[in-house]
Amino acid sequence: MTTRPRGTALRLHRELKRIWSPDPRFRGWLTTNNNNDVGRLFLAVATLFFLIGGVLAMLIRAQLATPGSAFMGPEAYNQVFTMHGTVMMFLFAIPFFEALAVLLLPGMLGTRDLAFPRLGAFGLWVYIFGGSAVIVAMLMGLSPDGGWFMYPPLSSAAFSPGIGADVWLLGITSIEVSAIATAVEIVVTVLRYRAAGMSLSRMPIFAWYILVVAVMILTAFPPMILGSLLLETERAFGLPFFQVENGGDPLLWQHLFWLFGHPEVYIIFLPAAGMIATILPVMARTTLLGYGWVVASAVSLGVLSFGLWVHHMFTTGIPHLGLAFFSAASTLVAVPTSVMIFSWIGTLWKGRVRMELPMLWLLGFFATFVIGGLTGVMIAVVPFNWQVHDTHFVVAHLHYVLIGGYVFPMIAAIYYFQPLITGRFRFFRLGGIAFWLVVPAFHVTFLAVHLAGLLGQRRRIWTYDEGQGWELLNFIASVASFVMAIGFALVVLDIAINTLAGLRGRRNPWQATTLEWAAPIPSPTYGFASIPIIGSRYPLRDDPKLDLRIARGEGYLADTSRDRRETLIVSTAKGEPLQVAVLPMNSPLPILLALCTSASFLAPLIKAYWLSVVALIGVVILALIWAWTTAPRRTEGLVDAGHGRHLPVAAEGADPPGWWGSLFLLVADGVHFGALLFGYAFLWTVAPNWPPPAYLRPDLLPVALALAGAAALAAGPRLAAWREGHGPLLLSLLGCLALAAAAASIPLARPTPTAHAYDATLWLLAGHVGLHVTLSLIMLTYLGLRRLAGHPLRLGEARTFGLWADYTAGTGLVALAAAWLPGAFA
């Protein structure tokens, strides 16, 4: 492509800014869906929650500083330590790295925005509403007090009356919905929205890490959502999933919680590791040693993390074979972690290190995380685990891993990317002082906590007596923790001051080699004036003038004549240009949909179930409007993408972005369904008071309806893909109705779900079928309205609906078989 004159290039930037910018008024923050705006707001709110969690931590250390302290009573202390863990794990750790991913990932990949900008904005507002509800409840004295893990029966209605536990269950579940929405967006973006020529082997290392993490979120969060659903229905309606006398088992909660909880540790660590692998080579002025090995280690660690959850339950009576297996698996994770550590050390060894502030925080990581990893291997050994289980040794190990392994690298990342995010550089030098306060004080604090745990101090106790040998250790830990808190406060203050009054500087101040630094500083709303064309893993090193050519519009999609937001979709493996994605403009739909979604979750707190129903109706209406306004109104065919290539618009293809998003959302849905079957099997084989008094015996009619309905529902989209007319949609409609009728026969036959956990589980299985039939009916309504409005049914729409129809039919048959077969063979 010929070089644009300077005036033409400036005009291109002005036009792109006009198209991509939010409303400059306050309402712009409520309607924007641009990744820069969403990411900055995400980051600010997550930082606020970090400060709240830090204040709660100081309250805990003040209480434990001396024996017999009267600073807090047991009720207040239980609420404070529950909320500290909840805020740090759910409201800070995961949202903070998601915020950085939303902000930085498009630039790293060479695209203009994430795959689903409205979905990202929706996830942000659900997170804000859900997190605010949890904090407001705490300020009103309505916090949960059963620990951030909410073990029943302590968290059941009998032992935790009031709405504290319900606030946790419903508020945190809504936040997990936000995390899943962001994860879907990240996965599709990494796989499909990249610079031309960016094959998988040329992706920046952080993109690999965040891809692994996003898939882990899709597979780790659903069991937790299911567990919250079971416990909330038990508290609200009496379904006895965890009541031993009625066929339930409290250990089911522990399995579901730690199926989420232990992978969550790696979900938190891996983004930090990705930041280390990104920043360290730049600080060492070299390239990452063993790129392929590091990618393989990240994938291995993600897979292995799902085989470790039982090491949190070694004292619950697990069979010895299970203890041996999970102990070995727990020690095995040290292998991929060690590969990463040695890669980073080798990178430092082959380079010339600059001792900038980000590098200091990375050195703090090395000194801290290795100790946390070694104590993790100690806890994986069963006899030692039995000795230190539920002591402060475990508390100290957790903080070594999460603060040393996550917070320190994230602070390094904020300082490293501050010029790109804010356009300003450090002038005030509080950051160095903060480092020398935080890191030594951290080690003093938690080495003392380690020792207190080895001396037998139990976790989750609000006070202790004199003469047990813990007094001095707790006093030292508390004093050092306040020093550490001052250091963290200085970090926040330093970043805030430099954001407001720091120096402005040049592009790519660190001389990095990845694409995000090819953008102007701060990164504009449109990211790149044109989509880059790259030929290596380190494009700015191998092509020093690439940033200028991008700015002059010499890449793809440098034409603004269509007056809309466009970016490039590439092939997954090789990065070849395939489609032009048309992204939505600013809209109030995300915040309105988030408001209705949050209301549907939170209304049961005040027993306003009618409000939940109204909110869900609002969700359906807004979702239909969302889909309607996103779909193209006319067929465009091929459009000019630049460089002599004409590409189809993504919405007109066989695999539009909605198909990819649905695919990965159904992965999460499938894991949720698998967790439901796991819970059913666990109660059947382990819980006391099984088998139930009587089994459900199926009739022939519901079985026939289920088989015919599933076949019709699956056949409809396939016929619609190649045949015009309303017949295929009507066939799917009849299939939905038949499948719903088959599922409805279960609660009609077992009308008392509170009688036994078996009956409650049957209702859940029928509810799964009913929910997905309802979703299929909503999609059919949308497609029918499109047909009535004169829009043809596109192949991509038919295939997307086909994914949901196949899933509904397949899991519907499995769920009904799980309900009927025991009775049929009894």
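The structure is a predicted model, in which local features need pLDDT of at least 70 and side-chain atom pairs count only at pLDDT 80 or more, while totals for chains, interfaces and linings use all residues. Residues are numbered from 1 along each chain as its sequence is written, and side-chain values use heavy atoms, with hydrogens and water left out. Helices (H or I, at least four residues) and strands (E, at least two) are DSSP runs, numbered from the N terminus.

Two packed helices are described by the angle between their axes and the distance between the axes. Axes are lines fitted to C-alpha atoms, for helices over the stretch in contact, and angles run from 0 to 180 degrees between N-to-C directions. Angles under 35 degrees count as roughly parallel, over 145 as roughly antiparallel, 65 to 115 as roughly perpendicular and the rest as oblique.

Helix 5 (residues 117–139) packs with helix 20 (residues 609–630) at an angle of about 155°, and their axes are 12 Å apart. Helix 5 is therefore roughly antiparallel to helix 20. On the side of helix 5, the contact (heavy atoms within 4.5 Å) is made by Arg118, Leu119 and Phe122; on the side of helix 20, Trp626, Thr629 and Thr630 take part. By class, these residues are three nonpolar, two polar and one charged. In this division Ala, Val, Leu, Ile, Met, Phe, Trp, Tyr, Cys and Pro count as nonpolar, Asp, Glu, Lys and Arg as charged, and the others, Gly among them, as polar.

Helix 5 also packs with helix 6 (residues 164–192): the two axes come within 8 Å and cross at roughly 160°. This pair is therefore roughly antiparallel. The crossing of helix 5 and helix 6 is left-handed, a term used if the near helix is turned anticlockwise from the far one by less than a right angle, with right-handed used if clockwise. The contact of helix 5 with helix 6 has 14 nonpolar, seven polar and one charged residues.

For helix 7 (residues 205–237) and helix 8 (residues 251–283), the packing angle is about 160° and the axes are 8 Å apart. Helix 7 and helix 8 are therefore roughly antiparallel to each other, and helix 7 passes helix 8 in a left-handed crossing. Their contact has 29 nonpolar and four polar residues, and no charged ones.

Across the whole structure, five cavities of 30 Å³ or more are found. On a 1 Å grid over the protein atoms alone, a cavity is a set of points where a 1.4 Å probe fits but cannot get out, and lining residues have an atom within 4 Å of a point. Grid points are joined across faces, edges and corners, and a volume is the space filled by probe spheres set on the points.

The largest cavity holds about 130 Å³ of space. It is lined by 18 residues, of which Asn35, Asn36, Leu103, Gly107 and Ser523 are the closest to its centre. At least two lining residues come from each of helix 3 (35–64), helix 4 (74–109) and helix 14 (392–422), and helix 4 supplies the largest share, four residues. The lining of the largest cavity has eight nonpolar, seven polar and three charged residues.

The second largest cavity holds about 60 Å³. Its lining includes Phe90, Ile94, Tyr127, Ile172 and Phe221, along with Glu98 and Glu176. Helix 4 and helix 6 are the elements that give two or more residues to this lining, and helix 6 gives the most, with five. By class, the lining of the second largest cavity has eight nonpolar, one polar and two charged residues.

Several local features lie in loops. A cis peptide bond with omega of about 5° joins proline 152 and proline 153, and proline 153 is in the loop between helix 5 and helix 6. Another cis peptide bond runs from isoleucine 521 to proline 522, with omega near -5°. Proline 522 is in the loop between strand 2 (503–504) and helix 17 (539–542). Leucine 557, although not a glycine, has a positive phi of about 55°; this residue is in the loop between helix 18 (546–551) and strand 3 (565–570).

Glutamine 79 is found in helix 4. Its C-alpha atom is separated by 9.0 Å from that of glycine 164, 85 residues apart along the chain. Neighbours within four places in sequence aside, glutamine 79 is in contact with Gly141, Ser143, Pro144 and Asp145.

Conventions
1 Å grid on protein atoms, 1.4 Å probe; cavity = no way out; pocket = protein on both sides within 12 Å on 5 of 7 lines; lining within 4 Å.
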